Amino acid sequence: MGKKIGITFDLRSYYLSQGYSEVETAEFDRESTIDGIAGALAELGYTPERIGAVTQLVPRLAAGERWELVFNIAEGMHGFGRESQVPAVLDAYRIPYTFSDPVVLGISLHKGWAKRVIRDLGLPTPDFAVVESPADIAAVRLPYPLFAKPIAEGTGKGITAASKLGGPAELESRCRELLERFRQPVLVERFLPGREYTVGIIGTGNEARAVGTMEVLLRREAEAGVYSYANKENSEELVDYRLAADAQARRAQDTALAVWRGLGCRDAGRVDLRDDEHGVPNVMELNPLAGLHPEHSDLPIICTLAGVSYRELIRRIVDSALLRARG
Ligand SMILES: Nc1ncnc2c1ncn2[C@@H]1O[C@H](COP(=O)(O)OP(=O)(O)OP(=O)(O)O)[C@@H](O)[C@H]1O
Ligand SMILES: [Mg+2]
């Protein structure tokens with residue numbers, strides 16, 4: 001029997017059955033993602049064991065169960081530290097796990113904090129303001145057009161064609177709507193009008209490499225101008241993806257790698273960028289817990305386009321994590 005590898009995750013079906021809505025559970029995993037990871041681990045000679053959410057991990061740890069490694073893709077449900085919960089618990093028990101540590105996951109989930117660090121690294125990210133309540137709206141002094149999004153969500157939640165703001169009236173109504181709906185601060189930043197890329201990265205620190213830079217091309221039928229929730233949910237019909245390797249895409253890739261290394265992200269993930277009005281790729285956000293559905297998630301799609309199979313992706317993630325565990 002190979003090494004026992006636990007898998008932590010948040011199943012969408014589990015939360016839907018608990019009464020949460022489609023949107024509240026949008027970031028969570030489908031059964032087929034867990035099947036894909038477990039299947040790849042078994043093919044690689046490991047013994048996968050499904051654990052589930054942090055609330056399912058804790059009783060098993062308390063009962064004395066241990067794993068040689070935990071493959072962690074749990075995003076958590078509550079609080080800005082939701083993605084940090086499983087890694088923090090595993091650190092307490094000194095159980096090695098895949099992907100980033102609790103601090104990196106917490107900073108990356110909160111796009112405002114992430115942008116402060118990115119800016120401090122001297123890397124391009126749009127100027128921004130954080131709106132915590134309607135009283136903060138009048139203090140936003142940035143040139144239009146602007147873009148508004150919930151500060152700590154993913155999977156395009158809260159992102160539609162109306163996220164682009166043409167003037168103060170739209171800023172006011174959009175911020176109020178997002179504050180009310182998501183019960184968290186709103187990130188308001190300068191609108192990036194140019195090409196959009198998502199860079200897939202495998203590895204840690206100096207060992208990190210970009211596997212590919214994928215350009216996101218919206219079709220005519222897509223919601224215009226943004227890679228929105230609706231465009232992501234129906235990407236098969238609305239979005240074209242292609243690997244881009246021109247000079248501009250390479251520039252995006254270099255910036256993405258610098259962000260990845262600068263923040264201390266580990267094993268594998270993605271960085272999302274868009275060109276500003278001067279043609280400079282700016283970082284929008286980073287995804288140190290990127291989706292891993294074999295056919296539908298961006299990172300596996302990038303790998304497939306770059307000739308890296310899903311099993312090979314999982315192998316590289318596990319090897320990168322095990323290298324750290326031995327160190
Ligand atoms: N400042 C901006 N200017 C223009 N478009 C933007 C800006 N910020 C975000 N977008 C658009 O909204 C999309 C989603 O934004 P972002 O990547 O921050 O959200 P997300 O929900 O965390 O994404 P993911 O699905 O990668 O987790 C981007 O892919 C881009 O199309
Ligand atoms: Mg994104």
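Is E285 buried or exposed? With a relative accessibility of 13%, E285 counts as buried, where buried means under 20% relative accessible area, exposed means over 50% and partly exposed lies in between (1.4 Å probe, protein chains only). This comes from a predicted model, in which local features need pLDDT of at least 70, side-chain atom pairs count only at pLDDT 80 or more, and totals for chains, interfaces and linings use all residues. As for bookkeeping, residues are numbered from 1 along each chain as its sequence is written, chains are lettered from A and ligands numbered from 1 in the order in which they are written, and side-chain values use heavy atoms, with hydrogens and water left out.

E285 is also part of a metal site. The magnesium ion (ligand 2) is coordinated by D272 through OD and by E285 through OE, at 1.9 to 2.0 Å. The pair links distant parts of the chain, with D272 in strand 11 (residues 268-275) and E285 in strand 12 (residues 281-287), 13 residues apart. Donors here are N, O and S atoms within 2.8 Å of the metal (3.2 Å for Na, K and Ca), and water is not among the atoms, so sites may look incomplete. Strands (E, at least two residues) and helices (H or I, at least four) are DSSP runs, numbered from the N terminus. D272 is buried too, its relative accessible area being 6%.

Next come the helix pairs. Two packed helices are described by the angle between their axes and the distance between the axes. The axes are lines fitted to C-alpha atoms, for helices over the stretch in contact, and angles run from 0 to 180 degrees between N-to-C directions. Helix 3 (residues 54-62) packs with helix 4 (residues 85-92) at about 15°, the axes lying 10 Å apart. That angle makes helix 3 roughly parallel to helix 4; the cut-offs are under 35 degrees for roughly parallel, over 145 for roughly antiparallel and 65 to 115 for roughly perpendicular, with the rest oblique. The crossing of helix 3 with helix 4 is left-handed, meaning that the near helix is turned anticlockwise from the far one by less than a right angle (clockwise would be right-handed). On the helix 3 side, V54, L57 and L61 do the touching, and they meet Q85, V86, V89 and L90 of helix 4, with contact meaning heavy atoms within 4.5 Å. By class, the residues of this contact are six nonpolar, one polar and no charged. Ala, Val, Leu, Ile, Met, Phe, Trp, Tyr, Cys and Pro count as nonpolar, Asp, Glu, Lys and Arg as charged, and the others, Gly among them, as polar.

Helix 2 (residues 31-43) and helix 12 (residues 310-326) pack at about 75°, with 9 Å between their axes, and are therefore roughly perpendicular to each other. In this pair, T33, G36, I37, A40, L41 and E43 of helix 2 meet Y310, R311, I314 and V318 of helix 12. The residues of that contact split into six nonpolar, two polar and two charged.

Helix 5 (residues 102-109) and helix 6 pack at an angle of about 105°, their axes 5 Å apart; helix 5 and helix 6 are therefore also roughly perpendicular to each other. I107, S108 and L109 of helix 5 make the contact with K111, W113, A114 and V117 of helix 6, which gives five nonpolar, one polar and one charged by class.

Then there is the backbone. Most residues other than glycine have a negative phi, and most peptide bonds are trans. R183 is not a glycine, yet has a positive phi of about 55°. R183 sits in the loop between helix 7 and strand 7 (186-190) and is exposed, at 64% relative accessible area. D267 lies in the loop between helix 10 (247-263) and strand 11, and counts as buried at 0% relative accessibility. The peptide bond from Y144 to P145 is cis, with omega near 0°, and P145 belongs to the loop between strand 4 and strand 5 (146-150).

Finally, T125 is in the loop between helix 6 (111-120) and strand 4 (128-131). T125 counts as buried at 11% relative accessibility, and touches K115, I118, R119, N282 and V283, not counting residues up to four places away in sequence.
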